[in-house]
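User: I am new to this structure and would like a close look at one part of it. Please take me through how its pieces sit together.

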Amino acid sequence: MRKETKCIHAGYTPKNGEPRMIPIIQSTTFKYDSSEDMGKLFDLEAEGYFYTRLQNPTNDMVAAKIAALEGGTAAMLTSSGQAATFYSVFNLAGAGDHVVASSTIYGGSFNLFNVTMRRMGIDFTFVDPDCSDEELEAAFRPETKAVFGETIANPALIVLDIERFAKAAHAHGVPLIIDNTFATPVNCRPFEWGADIVTHSTTKYMDGHDATVGGAIVDSGNFDWMAHADKFPGLTTPDESYHGITYAEKFGNAGAFITKATAQLMRDLGSIPSPMNAYILNLGLESLAVRMERHCTNAQKVAEYLQKHEKVAWVNYPGLPGNKYYERAKKYMPEGTCGVISFGVKGGRAAAEVFMKQLKLAIIATHVADAHTCILHPANSTHRQMTDEELIAGGVGPDLVRLSVGIENADDIIEDLEQALACL
Ligand SMILES: *Cc1c(COP(=O)(O)O)cnc(C)c1O
């Protein structure tokens, strides 16, 4: 199946007389005929469901669709993108370990790593995604357990050289984890470029309708845990809480990572989405390929319009020829990148404020990447406590406006921008 078809059909094939749509199994618990039958599930000796905090059939059907889209061997849903990011790293690294991460990752991921996970004893080195090979090499330590980056960084729109980061990670015997939220598997499949694990905030394009917060983790099945057994004892030595099974031996490279994350992290931390939310996410996934195409053509038109406008100081969109990441985006995302653009209006912070107030169609929201066009002026909202100098140092200048182009008619979006820019 091609990607458009997978969006509709992957993950669930109804048998004769069964429901056409993925059924919502809204049940916390599952019934068994004997304690022995249930015991086998607790020993991970048999497959099946016993309690929705660990696994639920509706969630698993939707996860299987995302795995098929990414070209992975196993996947799980989480209750948020933050939970997916946390589980993906914590499944590999513990106190005393170290992770290399791109410095331009989503602010929520940066805070999770730099503050919360540091408090858990895990150390992080943040590298500029465009750093030299020497700088990248120097970031690794003997206790490094993973490398983490983002396909298209939110909100800087920096396109990561996935192949280069995968080679560096593998040279040090560790996997590359990629947050593929902005590109989605419709536009980029990081496994084809050497990434080992992919994470998503499904809250964005995958759900696509401002309806449900969620996350996903997908395993490529390519990383050979046993070949690096000393680095990953959690996967390569017995887990006493499951009668001494060894994940990498029992489930192989295809299943070890997700089984461990489910059996240990989901069991202990419980960041499971409700089956109802998984069902809503699936509705979004069915139209994902069609929507991404429209997001990209609309964003391209809007970016080209803004670039020509005399009151616009600069435009950052990887689909614009001349953009620093244009060539790299063509390599990794030949069919389009995403619908998010950032730009600056002439006149800085004050002019941006006037412009924002005039918009009628574009909704002012912290959210990005869904059907509705929305817009954010960080200097006057999320970052308002910072001075102009601090904003510039952080790469989010006082004039920066982040525009998430929706799937409305592009001419309506442009007319809205036009009337607002006319007021400057
Ligand atoms: C929003 C976002 C997250 C966090 O996801 P939530 O679903 O909000 O928890 C992670 N990564 C990226 C790139 C995001 O845009």
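How many Å separate the centres of domain 1 and domain 2, taken over C-alpha atoms?

Analyst: Taken over C-alpha atoms, the centres of domain 1 and domain 2 are 30 Å apart. Keep in mind that this is a predicted model. The domain assignment places domain 1 at residues 3-283 and domain 2 at residues 289-421. The two are in contact: domain 1 brings 32 residues to it, and domain 2 brings 29.

Now look inside. The largest nonpolar core holds 97 residues. Among its members, V89, F113, L176 and W225 touch the most others. Helix α10, residues 247-269, gives the most to this core, with nine residues. Both domains take part: at least three residues of this core come from each of domain 1 and domain 2. As a general rule, nonpolar side chains in soluble globular proteins tend to be buried together.

Take L176 as one example. Leaving aside residues up to four places away in sequence, L176 touches V147, I162, F165, A166, A169, A195, D196 and I197. There is also a second, separate core of 28 residues. Y317, M356, L403 and V405 are included in that second core.

V405 leads on to N298, which touches V405, G406, I407, E408, A410 and I413, not counting residues up to four places away in sequence. N298 is found in helix α12, residues 288-308. Its relative accessibility is 2%, so N298 counts as buried; the cut-off for buried is under 20%.

Next, the open space. The largest pocket has a volume of about 1,000 Å³. Its lining is made of 43 residues. Of these, I105, Y106, G107, N154 and P155 lie nearest the pocket's centre. The elements giving two or more residues to the lining are α4 (81-90), α5 (107-119), β8 (312-316) and β12 (400-404).

The buried ones are G81, A83, A84, T85, F86, Y87, S88 and V89. At the N-terminal end, S80 caps α4. There, a side-chain oxygen of S80 lies 3.4 Å from the backbone nitrogen of Q82.

Technical notes:
Residues are numbered from 1 along each chain as its sequence is written. This is a predicted model: local features need pLDDT of at least 70, side-chain atom pairs count only at pLDDT 80 or more; totals for chains, interfaces and linings use all residues. Side-chain values use heavy atoms; hydrogens and water are left out. A nonpolar core is a set of buried Ala, Val, Leu, Ile, Met, Phe, Trp, Tyr and Cys residues joined through side-chain atoms within 4.5 Å. Buried means under 20% relative accessible area, exposed over 50%, partly exposed in between (1.4 Å probe, protein chains only). Helices (H or I, at least four residues) and strands (E, at least two) are DSSP runs, numbered from the N terminus. Domain bounds come from an automatic or database domain assignment. Contact means heavy atoms within 4.5 Å. On a 1 Å grid over the protein atoms alone, a cavity is a set of points where a 1.4 Å probe fits but cannot get out, and a pocket is an open set with protein on both sides within 12 Å along at least five of seven lines; lining residues have an atom within 4 Å of a point. Grid points are joined across faces, edges and corners, and a volume is the space filled by probe spheres set on the points. A polar contact is a pair of N or O atoms within 3.5 Å; within protein, one must be able to donate a hydrogen and the other to accept it, and residues adjacent in sequence count only if both atoms are side-chain atoms.
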